[in-house]
Amino acid sequence: MWVHVGDRGADMFPFFQACRSTQTHFLVRAAQNRRVQQDEDESSYSLTQARSWPSQASRPFEVPARHGHPGRSTQLQLACGQVTLLPPRHEPRASKDPITVWVVRVWEEQAPEGEEPLEWILVTSVPTTTLEQAWERVEWYRHRWLVEDYHQCLKSGCRIEERQLQSVDGLMRLLGLLSPLAVRLLQVRACAREDPERPAHEVIEPLMLAVLAERCGQSPLTMTVGTFWTEVARLGGYLARSHDGPAFLANHLERLALFANAS
């Protein structure tokens, strides 16, 4: 089963219909407050209806550090249900047939001061009839964060958009080289986040570790993964002060990618 996962920019009725025509599924974060069919004469709106549903379950959730906001632990509420979306009145590319979907809403009732409460309203064509399935849809969408960081590695760190290739074949060959590098960067970041005291020589390639250890005056035998990641970030201007936060954000991937290319 193929499921296209998209953010709010993918909330387009023609996209939903294209998935149906190709016998694939979609899971999209809703952006449009679409008309919902209730009976022959009445209609309501999708976002309004989803926000009116009471919580059916709750679960702890880890919000990762992103774009200057520290990571935090929170509690998410969940509600889900089935609705029938009516086609937009003024979209010439959309057919006139309604689409039956499942809507999953998760939200944070109380966020820390200065933080916007997390809320996802997800629309999917994959049947979602149990709470276990609803949480699974949330986990599918959660992976989008990692996918975004992967593309950040390719675009900013590996600078794939600056290569000026003129053919699809050339781009595919370059992706064959850079995609494993982007994945490797994310693996190193995950190790630094989850087990920062792990010896770096168990994770990092010997040449790359030796080069960085020489630059920062440390021994490759005693350097930890957390220290390795921080020292790479220092090369790009990260100061590692107490109020700077951890060097786990996507922009530091650029520094590691540049270092990896140079090594």
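Modeller: In this predicted model, helix α3 passes helix α4 in a right-handed crossing. Helix α3 covers residues 131-157 and helix α4 covers residues 168-194. Their axes lie 9 Å apart, and the packing angle is about 125°. That angle makes α3 oblique to α4, because the roughly perpendicular range ends at 115 degrees and roughly antiparallel begins over 145.

The next step is to see which residues touch. On the α3 side they are L146, D149, Y150, C153 and L154. On the α4 side they are L175, L178, S179, A182, V183, L185, L186 and R189. Sorted by class, this contact between α3 and α4 has 10 nonpolar residues, 1 polar residue and 2 charged residues.

Q164 has a positive phi of about 60°, although it is not a glycine. As background, most residues other than glycine have a negative phi. Q164 counts as exposed, because its relative accessibility is 67% and the cut-off for exposed is over 50%.

The axes of α5 and α6 come within 11 Å and cross at roughly 65°, and α5 passes α6 in a left-handed crossing. From α5 (residues 206-216), the residues M208, L209, L212, R215 and C216 meet F228, E231, V232 and L235 of α6. By class, the contact of α5 with α6 holds 7 nonpolar residues, no polar ones and 2 charged ones.

Helix α6 itself runs over residues 225-235, and its buried residues are V225, G226, F228, W229, E231, V232 and A233. Two of these names, F228 and V232, have already come up in the contact with α5, as has the charged residue E231. Just after α6 comes G237, whose phi is positive, at about 110°.

A213 counts as buried, because its relative accessibility is 1% and buried means under 20%. Setting aside neighbours within four places in sequence, A213 is in contact with Q218, S219, P220 and M223. A213 and F228 are 15 residues apart in sequence, and their C-alpha atoms are 8.1 Å apart in space.

In soluble globular proteins, nonpolar side chains tend to be buried together. Here the largest nonpolar core has 20 residues, and F16, F26, V83, L85, V101, V103 and V123 have the most contacts inside it. At least two residues of this core come from each of α1 (13-21), β2 (25-29), α2 (46-52), β6 (72-85), β7 (99-108) and β8 (119-124). Strand β7 gives the largest share, 4 residues. As for V123, leaving out residues up to four places away in sequence, it touches F26, L27, V28, A30, L85, V101, W102 and V103. Another core, of 17 residues, lies apart from this one, and its members include F61, L76, V138 and W145.

E119 is a charged residue in strand β8. It is partly exposed, because its relative accessible area of 22% is not under the 20% that buried requires. Beyond its neighbours within four places in sequence, E119 contacts R29, R51, R105, V106 and W107. The C-alpha atoms of E119 and R105 are separated by 7.3 Å, although the two residues are 14 apart along the chain.

Last comes the chain as a whole. It has 7 helices and 8 strands. Of its 263 residues, 43% are buried. Among contacts with a separation of 6 or more, 54% are between residues 24 or more positions apart.

Notes:
Residues are numbered from 1 along each chain as its sequence is written. This is a predicted model: local features need pLDDT of at least 70, side-chain atom pairs count only at pLDDT 80 or more; totals for chains, interfaces and linings use all residues. Side-chain values use heavy atoms; hydrogens and water are left out. A nonpolar core is a set of buried Ala, Val, Leu, Ile, Met, Phe, Trp, Tyr and Cys residues joined through side-chain atoms within 4.5 Å. Buried means under 20% relative accessible area, exposed over 50%, partly exposed in between (1.4 Å probe, protein chains only). Contact means heavy atoms within 4.5 Å. Axes are lines fitted to C-alpha atoms, for helices over the stretch in contact, and angles run from 0 to 180 degrees between N-to-C directions. Angles under 35 degrees count as roughly parallel, over 145 as roughly antiparallel, 65 to 115 as roughly perpendicular and the rest as oblique. A crossing is left-handed if the near helix is turned anticlockwise from the far one by less than a right angle, and right-handed if clockwise.
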